[in-house]
Amino acid sequence: MPDDRRIRHRTVGAEIAETLATARGWLRDAACLGEDPELFFPLVERETDAQVARARAVCRRCRVLLACRSWAVEQGEDAGIWGATTARQRRAISRETRGGIGRRSAS
């Protein structure tokens, strides 16, 4: 019986390939384009994981890091390393952003 994590991983990889095939703007300049996509989708996204650190190292040398991170937060991307952030970190950014907007509009 196939490992469900591997099936999901392949599906996510196919989604990325499709996104990249139709990419405009910042995606064309992403440092990760020449990298193995599996690097950016560890089975476990722990802050201290070596694979997460390697993926982030690629992100940190990327000139479109902030655009990538912003896109992932806006889209609610819940898998992988995007803009040097894990899904958990992006959820925190999203909560913080929504909270900040709500506080401002309430004033």
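Start with disulfides: a search of this whole predicted model finds zero of them. Take C59, which is in no disulfide. The nearest cysteine sulfur belongs to C68, and that is 6.0 Å away. The cut-off for a disulfide is 2.5 Å between the sulfur atoms.

C59 brings me to A84. Leaving out neighbours within four places in sequence, A84 is in contact with R56, C59, R60, L65, R69 and Q89. A84 sits in the loop between α3, residues 65-75, and α4, residues 87-106. It is a loop residue, but A84 is buried, because its relative accessible area is 6% and the cut-off for buried is under 20%.

Next, the aromatic rings. How many aromatic pairs does a search of the whole structure find? Two. In one of them, W26 and W71 have ring centres 6.2 Å apart and planes at 55°, so that pair is tilted. W26 is in the loop between α1 (4-21) and α2 (50-60), while W71 is in helix α3, so the pair ties together parts 45 residues apart in sequence. W71 also pairs with W82, again tilted, at 5.0 Å centre to centre with 40° between the planes. W82 lies in the loop between α3 and α4, so this pair joins parts that are 11 residues apart in sequence. Ring pairs therefore link W26, W71 and W82 into a cluster. As for cover, W71 counts as partly exposed at 26% relative accessibility, and W82 counts as buried at 12%.

Last, the whole protein. There are four helices and zero strands, and along the sequence the pattern reads α-α-α-α. Of the 107 residues, 32% are buried. Among contacts between residues at least 6 apart in sequence, 49% join residues at least 24 apart. The protein exposes about 7400 Å², with carbon and sulfur atoms supplying 51% of that.

That is what I have. Thank you.

Note on methods. Residues are numbered from 1 along each chain as its sequence is written. This is a predicted model: local features need pLDDT of at least 70, side-chain atom pairs count only at pLDDT 80 or more; totals for chains, interfaces and linings use all residues. Side-chain values use heavy atoms; hydrogens and water are left out. Helices (H or I, at least four residues) and strands (E, at least two) are DSSP runs, numbered from the N terminus. Buried means under 20% relative accessible area, exposed over 50%, partly exposed in between (1.4 Å probe, protein chains only). Contact means heavy atoms within 4.5 Å. Accessible areas come from the Shrake-Rupley method with a 1.4 Å probe; for residues, only the protein chains shown count as cover. Rings of Phe, Tyr and Trp (its six-membered ring) pair if their centres lie within 6.5 Å; planes under 30 degrees apart count as stacked, over 60 as edge-to-face and the rest as tilted.
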